[in-house]
Amino acid sequence: MVQDEYDAVVVGAGFAGMYLLHRLRQMGLRAKAFETGSDVGGTWYWNRYPGARVDVESMQYSYQFDEELQQDWEWSERYSPQPEILRYARHVADRFDLRRDIQFETRVTAARFQDDSKDWLITTEDGTQVRARYFLTAVGCLSSFNKPAIPGIDDFKGNSYFTAQWPHEPVDFTGQRVAMIGTGSTAMQSSPEIAKQAKSLTLFQRTPNYSIPSHNGPQDPEYVAYVKANYPELRARAKQIYGGVLDDWGETEGKHTPKDVMEKELERRWRRGGLTFLGGYTDSMYDKDTNEFAAEFVRRKIREIVKDPETAELLCPTNEIGVKRICVDTGYFQIFNRPNVSIMEVRNTPIERISEKGIVRGGVEHEFDSIVYATGFDAFTGSYNRIDIRGRGGVRLKDHWEAGPRNFLGMAVAGFPNMFTVTGPLSPSVFTNMLPTIEQSVEWITDAIEYVREQDKSVIEATETAEDYWVRHCDEVARPSLRYHADCWYLGSNIPGKPRVFMPYNAGLPAYIEKCEQVVANDYEGFAVA
Ligand code: N01
């Protein structure tokens, strides 16, 4: 039985869902958000593992839609820890009274476009159905956790922890033998914290990763005052930058730079810390030699930090740097100098199975009290595939995306009228500062809804031609990048059987904003409005 009717239903109450709800209500629309968790925050609600923090500076990783909000809120550290970001999300929910239109602990399981009434029928896990003119997904890019298909995974009698579904109470590993599977950003953030407590920590590494020290610390009050006094101008400048992050970006190519100059520049950036380590040269992600120079610099740093040469060699990545999102850590490589931390290589000698007592590798059973899975995500499309989304004629989104995601501007899918996706596949999302990008996307989508209302129409839908163009364009702008040829969740290659398609938009935020604005300037060219 249909219980309610809305102008718009939003799936997810992370930063994207919250802002969508706020904007829709400002427009006078009747909107409802459904959220699986018991509170707002999305990524920052789920990923409560020890050491979780953002890798974009806090002063930029925040909403800008409300001047008073950005002036009032105080971030305590250069890179905010997860509990503080979650507090911020809750503060925003309170401040704008968002919770009254969010239904928590509710998973949306299906959404079907109704060919006759031209609205969406949305079903939640308990069978409740609601109708809405617009179906808006704010499900995040990295929200479908990858539980690896290792035989016996459910047989383990000790404690199993999945980093993206971390318990709400702190976990005490004191005195425990802990295994951690995975060595991506999540593992690099959490292992230094777990190593402080555990009797032993063993990392099972399939692929070593590059990481740059964060040099995190308390906020500098002078810097905070400067940013707050200049927020509008700084935010506007950030939009002119590829990743939407204001920082110290170089404008020259490494291939035309003497090696001693490059070496000094990399050293300066290493000491400064953070994601922009590779930002000294414009060709870091395009020229193999420039990339290899930076990669070898980091390998040398790993060999300097890690005292045991064999362990250091195991930790040195051999692939290009940055093809997988570079990690930002707080003392990751240093933990391997601790007597209670060790590493096991599982590329050549894979994990055979999980047993009742631990992990079997190379025919040997290693016993543990706890296993932590930091095994990544079914990125971009995973969260869509968990919902049975059907467009015109009952066509399933999963089938439409069988060979990889298809849409226009990363926001609208042909054959799925009045459905919009915030930070969807083929949008700049993870290559940018997520919060401002979310705002840009939410504003574009809500403006489009307003446009339809102004035209006295009720349906907006991306055309197949526009979708074909966007899929082609996304591929073309990604091809020259070294990332295009690497194995990473950007391409879905971490999930067995997933089609290999480069999913983030690689031309950068300014180019993306221009494309979005062009569509509007040309009366929503690429869309059919009826
Ligand atoms: O996930 P990952 P993540 N057996 O996919 C391994 C963001 N993020 O959660 O590389 C053994 O990078 C897998 O091995 P391999 C950020 O954008 C940001 O760490 O596939 N190992 C890999 O080592 C980041 O890029 C922050 O060979 C298995 C690991 O598990 C993104 O999220 C913090 C395995 C997964 O690494 C994802 O990071 C955290 C198996 N069967 C995350 N299956 C910030 O700093 C998988 N692995 C803001």
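What is the mean pLDDT of the chain? The mean is 97, and 100% of the residues reach 70 or more; pLDDT is the predictor's confidence in each residue, from 0 to 100. This is a predicted model, in which local features need pLDDT of at least 70, side-chain atom pairs count only at pLDDT 80 or more, and totals for chains, interfaces and linings use all residues. Residues are numbered from 1 along each chain as its sequence is written, and side-chain values use heavy atoms, with hydrogens and water left out. For the complex, the predictor gives an ipTM of 0.99 and a pTM of 0.97.

**Ligand**
- The ligand is surrounded by 24 residues (a heavy atom within 4 Å), and the closest are Thr183, Thr186, Arg206, Thr207 and Arg325.
- The protein buries 88% of the 910 Å² that the ligand exposes when taken alone (Shrake-Rupley method, 1.4 Å probe).

**Second largest pocket**
- The second largest pocket holds about 820 Å³ of space.
- Its lining has 35 residues, and those closest to the centre are Tyr242, Gly243, Trp249, Gly279 and Arg483.
- Domain 1 (2-144 + 378-529) and domain 2 (159-373) both contribute lining residues, so this pocket lies between them.

Conventions:
On a 1 Å grid over the protein atoms alone, a cavity is a set of points where a 1.4 Å probe fits but cannot get out, and a pocket is an open set with protein on both sides within 12 Å along at least five of seven lines; lining residues have an atom within 4 Å of a point. Grid points are joined across faces, edges and corners, and a volume is the space filled by probe spheres set on the points. Domain bounds come from an automatic or database domain assignment.
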